[in-house]
Amino acid sequence: MMLNDASKAQTLDALSGRERAVAEKFAAGMTYREIGNALFIAPTTVRTHLAAIYEKLGVRTKIGLAAYFGGGASRAAPAPSLSGAPPVLAIFPIECLNSDERWRRFADGLSSDITIDLARYAGLPVIAFHTMKSLGSKPADFAADGKALGVTYFVSGQLRADDQRIRLTIELADAGSGVSLWRERYDRPAEDIFALQDSLTESIINVFAGSYGTLATVGRNAVRRKPPASLRAYDFYLLGVEQHTTFSRAGNVEAIRLFSRDAGA
């Protein structure tokens, strides 16, 4: 059901001040740990707050939650790139190292879910899953594949599983050089398959997307390494980014003002 702005505001009134702060930061792409650090609470407390928030708002997904905050996660800022164009992401199907067919299906489903959820972020183009599935589980040649697909980053992974536990490794690499930019390992009990798939997808999306995500961090670091044409303009940019990441209305207004400043004035 679509809600107008008045209905959304009325529904949000049901949240406490702390719940609203947690909801806004989660919708903007921050992870449980980052929210906990920002609000001085434990990540488990963040999870508890989110369970109450989802119930009060009547939503079941992060995308549904984002709709209450002007788009939130679906409008999160993409990582900056040196060319000024948004980064393009290619997610290779996760390689299953087990012979059991059910885990191969699980790896494919997880790859598809990650691709679809990342593609919902405006300004973050993602190559379609069926295109990547035809290329195998990893790049044959980083530079050649990156140029052919027109992508900035590659994501690849491996899955190992038995009846008790699964181990998933995920890696982000520069499509031009093949240099690994980030990697993580997830160990989870092999319980409810669908709940496990949702949990892993959410964990990976939280790491990659949003203003505090891995892609944004990689992009910002690349921008910082590029010598600015104008130190004054660069100073305005850094001040604007600092204001934007306060996740407040006043911060957004100030960020727009700083980003719009004439460096020559």
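Q: What should I know about the model before reading it?
A: The model is predicted, so local features need pLDDT of at least 70, side-chain atom pairs count only at pLDDT 80 or more, and totals for chains, interfaces and linings use all residues. Residues are numbered from 1 along each chain as its sequence is written, and side-chain values use heavy atoms, with hydrogens and water left out.

Q: How many cavities of 30 Å³ or more does the structure hold?
A: Rolling a probe the size of a water molecule over the atoms shows where empty space is left. A cavity is a set of points, on a 1 Å grid over the protein atoms alone, where a 1.4 Å probe fits but cannot get out. Volume is the space filled by probe spheres set on the points. The structure holds two cavities of 30 Å³ or more.

Q: Which residues line the second largest cavity?
A: Lining residues have an atom within 4 Å of a point. Among them are Ile91, Phe92, Val155, Ser156, Gly157, Ile204 and Phe208. Strand S3 (153-161) and helix H9 (193-208) each give two or more residues. S3 gives the most, with three. Helices (H or I, at least four residues) and strands (E, at least two) are DSSP runs, numbered from the N terminus. The lining has eight nonpolar residues, two polar and no charged.

Q: How many aromatic pairs are there, and how is a pair described?
A: A pair of aromatic rings is described by the distance of the centres and the angle of the planes. Rings of Phe, Tyr and Trp (its six-membered ring) pair if their centres lie within 6.5 Å; planes under 30 degrees apart are stacked, over 60 edge-to-face, the rest tilted. The structure holds two pairs. Phe92 and Phe154 form a tilted one, 5.2 Å centre to centre, with 55° between the planes. Phe92 is in the loop between strands S1 (89-91) and S2 (95-96), and Phe154 is in S3, 62 residues apart. Both are buried (under 20% relative accessible area with a 1.4 Å probe, protein chains only; exposed is over 50%, partly exposed in between).

Q: Why is the pair of Trp103 and Phe106 edge-to-face?
A: The ring centres of Trp103 and Phe106 are 5.5 Å apart and the planes lie at 80°, so the pair is edge-to-face. Both residues lie in helix H6 (residues 101-119), three residues apart, about one turn of the helix.

Q: Which residues of helix H12 are buried?
A: In H12 (residues 249-259), they are Gly251, Ala255 and Leu258. These cover an arc of only 65° around the axis, so they sit on the same side of H12. The arc is that of the directions from the helix axis to the C-beta atoms. Arg249, Ala250, Val253 and Ile256 are exposed on the other side.

Definitions and conventions. On a 1 Å grid over the protein atoms alone, a cavity is a set of points where a 1.4 Å probe fits but cannot get out, and a pocket is an open set with protein on both sides within 12 Å along at least five of seven lines; lining residues have an atom within 4 Å of a point. Ala, Val, Leu, Ile, Met, Phe, Trp, Tyr, Cys and Pro count as nonpolar, Asp, Glu, Lys and Arg as charged, and the others, Gly among them, as polar.
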